[in-house]
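Here is a friendly walk through one protein model, one topic at a time. Take a look at the structure, then read on.

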Amino acid sequence: MRYDITNIAIEDYLLDLMPPRDEVLATLEERARVHGLSLVGPVQGQFLYLQALSMKVGKALEIGITTGYAAMYLLRALEQTDGHLTAIERHADRVEFASQLIAQAGLSERVTIHHGEWAEVMPTLDHDYDLIFLDVLRSASSEGHALEALELCVPLLRSGGLLIADNVLCSAQVLEEDAPPLVRGIQQFNRTLMNHPQLESVILPLRDGVALSRKK
């Protein structure tokens with residue numbers, strides 16, 4: 001999938017610079033190519049990996065595990081930091097697929113996947129996560145869900161923890177004044193994020209837009 005945030009030639013250049021992925025990730029990338037699935041891709045995956053590894057993350061949370069591709073990069077870091085990943089996914093088939101992928105990589109003991117709606121599961125979780133990866137903005141069912149997700153994430157983060165949100169530029173649709181409801185929700189999310197009293201944030205034009213926030 002192309003997102004048209006950065007020059008396509010630059011995206012291809014960065015992709016070509018990435019080292020070969022292991023068999024599990026390479027197989028998933030090919031499956032995504034054939035079936036038109038959306039993945040964060042190896043460049044953004046490496047970004048997640050390095051953030052988690054640099055922070056020596058012990059507790060990570062992924063909201064929206066989808067295929068398990070991003071989770072694999074986080075788990076590769078957590079394997080080195082002796083950490084654990086908690087994930088939430090509302091689609092049973094995605095939970096099963098991601099679980100199989102993670103098991104194939106031998107990392108099942110480092111992940112707990114909750115099957116359910118994130119808005120219902122998040123209030124039941126422990127606090128003090130070192131890193132949260134929010135990957136549900138494009139699947140929000142209403143205009144207000146992006147902001148709801150943000151307000152549920154902030155209390156779960158420890159002071160100094162990182163919130164990483166994907167798809168915050170939404171194929172550049174955030175530039176539209178008369179945007180559809182889902183995009184309006186992301187526009188509101190971005191404005192609130194950048195002015196949130198508990199967060200220090202920056203938005204990067206990486207693939208479909210990545211927001212990086214540190215809790216004060």
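Cys-153 is tucked away from the surface: its relative accessible area is 0%, which makes it buried. Keep in mind that this is a predicted model. How far is the sulfur of Cys-153 from the closest cysteine sulfur? The distance is 18 Å, to the sulfur of Cys-170, and that is too far for a bond. Cys-170 is buried as well, at 1% relative accessibility. Looking from its side, the closest cysteine sulfur is the one in Cys-153, again 18 Å off and too far for a bond. A disulfide is a covalent bond between the sulfur atoms of two cysteines. To count here, the two sulfurs would have to lie within 2.5 Å, and the number of disulfides comes to zero.

Now for the nonpolar core. The largest one has 37 residues, and the members that touch the most others are Met-72, Leu-85, Ile-102, Phe-133 and Ile-164. Several helices and strands each supply at least two of its residues, among them helix 2 (23-35), helix 3 (41-54), strand 2 (84-89) and strand 7 (210-215). Helix 4 gives the largest share, with nine residues. There is also a second, separate core of 32 residues, which includes Val-121, Met-122, Leu-169 and Leu-193.

Leaving aside residues up to four places away in sequence, Met-72 touches Val-24, Leu-25, Leu-101, Ile-102, Ala-105 and Leu-107. Ile-102 sits in helix 5 and is buried, with a relative accessible area of 1%. Ile-102 and Val-24 are 78 residues apart in sequence, yet their C-alpha atoms are 8.7 Å apart in space.

The rings of Tyr-69 and Tyr-73 have their centres 5.4 Å apart and their planes at 55 degrees, so the pair counts as tilted. Both tyrosines lie in helix 4, four residues apart, which is about one turn of the helix. Tyr-69 is buried, with a relative accessible area of 1%, and Tyr-73 is buried too, at 7%.

Next comes a pair of helices. Two packed helices are described by the angle between their axes and the distance between the axes. Here the axes of helix 7 (residues 145-156) and helix 8 (residues 181-194) come within 7 Å and cross at roughly 35 degrees. Helix 7 makes the contact through Ala-146, Leu-147, Leu-150 and Glu-151, while helix 8 brings residues including Ile-186, Phe-189 and Leu-193. The contact residues divide into six nonpolar, three polar and one charged.

Last, a look at the backbone. Most residues other than glycine have a negative phi. Which residues have a positive phi although they are not glycines? Asn-167 and Ser-171 are two examples, and both lie in the loop between strand 5 and helix 8. Here they are side by side.

| Residue | Phi | Relative accessible area |
|---|---|---|
| Asn-167 | about 65 degrees | 6%, buried |
| Ser-171 | about 55 degrees | 26%, partly exposed |

How values were computed: Residues numbered from 1 in each chain as written. Predicted model: local features only at pLDDT ≥ 70, side-chain atom pairs only at ≥ 80, totals over all residues. Heavy atoms only, no water. Core = buried A, V, L, I, M, F, W, Y, C linked by side-chain atoms within 4.5 Å. Buried < 20%, exposed > 50% of the residue type's maximum accessible area, 1.4 Å probe, protein only. Contact = heavy atoms within 4.5 Å. Axes fitted to C-alpha atoms, helices over the stretch in contact; angles between N-to-C directions. Nonpolar A, V, L, I, M, F, W, Y, C, P; charged D, E, K, R; others polar. Phe/Tyr/Trp six-rings, centres within 6.5 Å; stacked < 30°, edge-to-face > 60°.
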